[in-house]
Amino acid sequence: MKLIEVVFLFFSIQLLSSALVILFTRNVVYAAIALMSTLLGVAALFVLAGSDLLAVVQLVVYVGGVLILLLFGVLYTYRDPESYFEKKHVLLSIVTVVVIAAGLLFLLSDLSFNYPTLSKVPSDKAGITRAAGQYWITSKILIFEVVAVFLLVVLVGAGWIASKVLDKSKTEA
Amino acid sequence: MIPVDYYIIVSILLFSIGSAIVFTRRNILYVLMGIELIFNAANINLVAFGQLDPDLNGQLFSMLIITVAAAESVVALAIVIVLFKKLNTIDLNEITHLKEK
Amino acid sequence: MSGLIPHIEVPLIPADSISMLALTIFFMPIITFILLFFTGKHILASIRSWLATGVMGVMFVLSVYLHISIKGEHLSRWIWFEIGTIKFTTSMLLNNYSTTMMVIATFVSFMVHLYSVQYMKERRNHSKYFPYLALFVSSMLGIILSDNLLITFIFWELVGLASFLLIGFWYEKDTSAAAAKKAFLYNKFADLAFVIAIMILYAMYGTTEISILKELVNLSVTYQAVLAVPIFAGLAIWFATVGKSAQFPLYVWLPDAMAGPTPVSALLHAATMVAAGVFLLLKTSFLLIDWVPNLITIFGCVTALLAALQAIRTFDSKKVLAFSTVSQLGYMMMAVGVGADDAAFFHLATHAFFKACLFLSVGAVIHAMHHMQSHQFDHGQYKELDALDMRLMGGFRKKMPITFAAYSVSYAALIGLPFFSGFLSKDAILGALYDRAVVSGSWSWLIVAVAFTTVGLTAFYMTRQMILIFFGEFRLLKTDASYKKYFDHIVESEWLINIPLILLGAMSFWFFFSLNPLHAQTGWWMKDAFVSGTHHEFHIFIPIVASLFTLGAIAIAVQKYKTIDAFVDTRLTLTRVFANNYFIEKGITFLFVQPVFMISNMCMATDDFINRAIHAKAYFFIVVAQLADVFDRWVIDGLVHFVAGFIRYIGSFFRSYLKGNIQGYFYFTLIAFALMLLWLGWYL
Amino acid sequence: MATHILSILIFLPLLGVLGLLFIQGDDHRSYRWVSVLVTALQLALSIYLFTAFKPEYFQFHSYDSLVYMEKANWFQLSLGNLGILSVNYFLGIDGLSLSMILLSAIVLFAGACASWNITKQAKGYHALYLLLCISIPGCFLALDLFLFFLFFEFMLLPMFFLIGIWGGVRREYASIKFFLYTLLGSILILIVFIVLFISTYNPAEMMEYVSSNAGVTIQHIQEGIHSGELINNPSIIHSLDLIQLSNPVNYFPNGLLGEHNTLTVFGYSIRTWCFIALLVGFLIKLPAFPFHTWLPDAHVEAPTAVSVVLAGILLKIGGYGLIRIAWPLFPQEAGDASWWIGLIGVTTILYAAFVALIQTDLKKMIAYSSVSHMGFVVLGLAAAKTEGITGAVYQMFSHGLISALLFLLVGVLYDRTHDRMIPNYRGLISKMPAYSVIVTIAFFASLGLPGMSGFIAEILIFIGAFKGAIDTAAIPVWMPLVATLGLLLSASYYLWTLQRMFFGKFSTHMSIDRNTLKDLTVSEKALLYSLSGLIILFGLFPAILLNKIGPSMEAWTSFFINMK
């Protein structure tokens, strides 16, 4: 077992166990923290897969953006401590996980991938960041622009929906 | 280099857990988190296969997914807020308005 | 057809200075009308009335000047409008005829205005009265001056409008409103003939210029070409005057028109409305050929006799005068019929003055009666009092001497006593009738006999009116002695009323018309006033016989009414016939009005029928549409509904498993996903 | 600007409609200003047109006679063996259109002012009204029959909704009746247009195609068609250019309307049937007996402004169509049918007058009087003399003004009391003096009192009809004579109404609130007085209009006589 596989194993267990925490915890705040842990683990896997740029993006977008939003949602919907908690469905959860995972793994075991032989390894010492940046910014610029505009529209729209409700609640109060 | 199969196994497990969260939790915030996990599972797959591709298309795709997921969660949060304002609950068992009357 | 008549160019002639003066006179009342109509109640009543009166006085003075300074004929003609090359002209003809008529019209109008200033002072709705009078006068001037039948027709109708407005002046009284409508409609009916005359003349001769038409008619008469045209045109114009100049059988509107204010009646009867018809007929007398003049004579004769007979039995003081006017108009028409245009116009002139005077003096009496009524009203014991009823009058001779004097002078003129104007003009007409009878014989003698009889009748009913109004006791006291104290208050009218009476009364003397008191042929009037005029032999026996008739009738009347109480003066059958205007109106109602309403109802029914037919068509379409709808719904739609329903059934079966919970949907997605995986695995 | 003045005149209201889009809120005040402003601009433009129009002696239906012509090809459609359909955007103005344009501008402006009090869905109302303002001048100016029909039909749409939404109690019934009646007429007209389209060709436009062949003239093409060389050629151009249609050479000799065609249907030629279809189509619009029953219902139910436009302009389109299209295209048939047309005219005059006499609804009475007065137009047309035809056009013009005034007056009363029944009022003159004065003016104008515009029109029609009867025996002599009774009847019903409603002691039916009977306001006075002023102006000085349109009408008559 190579070191890198050990590292992979470590992060895999870390992220899967954090995910299980989300599945089983009754406290939504814990769940949010566990989610952060999971996302960090995924970022680590990205690094291991040689795409350090994506790992950074994962950190910035998910941990820095989505998670904060979720926490805000938690705060906003806070009513009383009871609502933090809900009844556990441990058995149901386990059954579901097992059934889905088993099915998929069973499927995977039947599959045999023909991996292509690598003509060149994209991740050299400098990482793929420079190459990826140049490549995306030049020949795939359209996708970036589409994504950018889409994001802008979504953000403005979401802000507008929420602000309207908030305004109304303010005037009602 | 770690075999792609490993990644796939991790992603399958992550996807299963995420699905389980979506199916079993009643709090809408948990459901959102589950969806994020599912997204991440998909991303892991893409990145794993993407390292075999010199054109980096897999990574580009997962980049797209990350942004879409971010947008999705923003909209979802807005919807949660509206829902909470309107129905005063985020319990999915109580939000059954889609049912045919 | 029209090719047979030579075409005559219609030259355009600019107006000379005399014509401009006449135009100025014509436009003065129009401007007054516009000014007073639109200022309405915003200016003081006295300013308004004096302004109108002043304008009328200036017009009179200018007319006199025009009449003196005019020599020969002054014709001016302009283009009114043109349709491409077709020109519609308007023209003005000044000659002795028209200027004389202008002087008469403006003088009488001036007098009536003066009178009205006082008369209308105490009556309501003052503000529109003088503008309407101005409109009346200006339309009359238009008829007098215009040399174009189309333009004449315009003013002809405007006279009708003005009379409508003035007769209906006290619109709150139902009789007034009805009389106004009646007057307008009777005139409108006759005016249709005018329209037809214009149509005929324009279609045949291509113009409506009277002077051009005159040449053309003379030409066609000379050539003996299409004589029917002037005959029918003349007939139509005569029928138009039957309405306006109140001839049998359309004269019934005139007595009703007494519902208007008394000065208006005076104007209507003397110088404006009824005179317009005779004047027009004189103007277009070249159209009256062949048998048309005889027809005119006969109708004139019938009118004179019937109206005189009716006057005998009427108790309404103004209606007596109205019937008298109708009767005198009959005389004028007779004169027109026998071709004595000069005599007809002469009688028109003299009649204008004395009839205006008669109306105004009777008006003064009525004014006094009204005073009495309003006095009573002041004392809070108002009783409806017919101020026009001669049976309630009497003894006004001593109370109102000036009025009495004016009345009796014009009375003498009307019945044709020597030394008065009526004597001259009536004798001229009688002489003309006699001359005609000598020539044509047979039935013409009957006309002469009726004319002389009517002279007697005129004297009779006028004497009766005079006695009833001015002599004897004040009979109102017999019915209600409480009027005594008011009767004692009655005094002579104000000077503004008396001056017109005196001036108009003075015009009844002979010397204004002829220095020879017995015969007008040598007077300046007959000599100068006419361009055309045939010479008549003077028969000394005619005035003598006429005077004998007159004196005899006076004697009978005095004998009869000196002692007999007026209230007994009723013979039911005759009165009923007279009061109903010989059932002319009933006949018109029966012959025209009722059928019109019958046709109206029939037309309305036809309309309903058309509507029903359309509805039936619509219903038919609806039925067809329903059938198509049934086919659509059950056969074509049925198939579609079956397929759709089947699918919907399946859908609803599965839907019943969903509880509206989002996670439920996830489950189903998952199941579907799993099935897909299974399927995938199966194949792999 | 001067070259496109006609287009500007027509499409100006489109700007107004766009303007309405940008006005927010339910406030009807700003909408009504848009309508008034736009129609005022249209009025100013048409007055400019009117003053700039120079009367000259010209030929009827020739390109030279049109002042301010606008012509552009709109589209061309190849129909295979049938040839090519060419549709032109073709506008032009001559004396006939000039009078109608002036009238419609005046009446539309009056109607816009009368829409002042509309509060129910004001935005939609004014938008529809402005659409009406487009289609009406368009109809009077279009000289391509395709374009004409487009505008003609387009008028129905706003009219239908204006009656159907803003009308009285039975508005749905009235609007549907109006729509179906008029649609029937439109279908007949459309059929004739299609027949015209397939049986004519347009040599002028074919010239443009073959202009590469030097030396080919219009005569060559016409000779080619007539000798049969060019027939059945897919490049033959058909168009509905009215000027070309007026030339009998441009009909295929063997076509449905050609001179050699011997096909008959029920014993009459196709040309006769086409004329009858056109006649009925336009008589429905006019309307004439027995196609008139839509009018009283439509009038009674329509709101005031729509009544004004309906009586003031829409009826005139029927008369305009007869004069502009039916008579010039089928002169022979029109001449042959003159007896029947005269009969329709006289019947309409008398029939409608009789019915008007016994109406108890004031608005219905006026509606029937409109029918009666439009009968004069038919009578004037039947005789086909210059005087009569000019009288007919003048009658349309003057009746447009008078009926607009009358319906405005009814609207004034209805606004106040919501009751139009004649027996329910008495002695109104003492309560509403100014109103009564204008009513009297309007009534006398309508009954043809001299000094008002109606008189000039009617007397011209009478002398024209009688001249026609004497000169050409187009109609029998009794027709104009009997028609004069119409004058008496209209005097009867107007004076009777005047006597019943306005004279006598003041009293009203107990259902009427007397406090609502207020006299005219200043703005109402301004509108009504200016309309009555116009009526008197055109009655005293007919030269203003007649001198302008006279040459055109004379050219019309000579054209008609030559073609016959």
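Chain A meets chain B through 68 residues of chain A and 54 residues of chain B. The model is predicted. The predictor assigns the complex an ipTM of 0.68 and a pTM of 0.78. Chains D and C also touch, with 46 residues from chain D and 46 residues from chain C.

**Chain A against chain B**

- On the chain A side, the elements that give two or more residues are helix H1 (3-24), helix H2 (28-48), helix H3 (52-76), helix H4 (90-110), helix H5 (129-138) and helix H6 (141-172) of chain A.
- That side of chain A, touching chain B, divides into 51 nonpolar, 13 polar and four charged residues.

**A residue in helix H3 of chain A**

- A:Val56 sits in helix H3 of chain A.
- Is A:Val56 buried or partly exposed? A:Val56 has 14 C-beta neighbours inside 10 Å, so it counts as partly exposed.
- A:Val56 and A:Ala44 are 12 residues apart in sequence. Their C-alpha atoms are 9.7 Å apart in space.

**Chain D against chain C**

- Two or more residues on the chain D side come from each of helix H15 (338-357), helix H17 (386-417), helix H18 (428-431), helix H20 (453-471), helix H21 (478-483), helix H22 (485-502) and helix H24 (543-563) of chain D.
- Which element gives the most to the side of chain D that touches chain C? H22(D) does, with eight residues.
- The residues on this side of chain D comprise 29 nonpolar, 12 polar and five charged.

**Helix H5 of chain C**

- Helix H5 of chain C covers residues 149-167, which makes 19 residues.
- At 1.5 Å a residue, H5(C) should span 27 Å. The expected span uses one less than the number of residues. The end C-alpha atoms of H5(C) are 26 Å apart, which agrees.
- How many of the 19 residues of H5(C) are buried? The count is 19 of the 19, so H5(C) is largely enclosed by the rest of the structure.

**Confidence by chain**

- Chain D has a mean pLDDT of 86, and 96% of its residues reach 70 or more.
- Among the elements of chain D, helix H8 (residues 203-210) has the lowest mean pLDDT, 72. H15(D) has the highest, 92. H15(D) is also one of the helices that give two or more residues to the side touching chain C.
- Chain B has a mean pLDDT of 83, with 95% of its residues at 70 or more.

Definitions and conventions. Residues numbered from 1 in each chain as written. Chains lettered and ligands numbered in written order. Predicted model: local features only at pLDDT ≥ 70, side-chain atom pairs only at ≥ 80, totals over all residues. Contact = placed C-beta atoms within 7 Å. Helix = DSSP H or I, 4+ residues; strand = E, 2+ residues; numbered from the N terminus. Nonpolar A, V, L, I, M, F, W, Y, C, P; charged D, E, K, R; others polar. pLDDT = per-residue confidence, 0-100. Buried ≥ 20, exposed ≤ 12 C-beta atoms within 10 Å, placed from the backbone.
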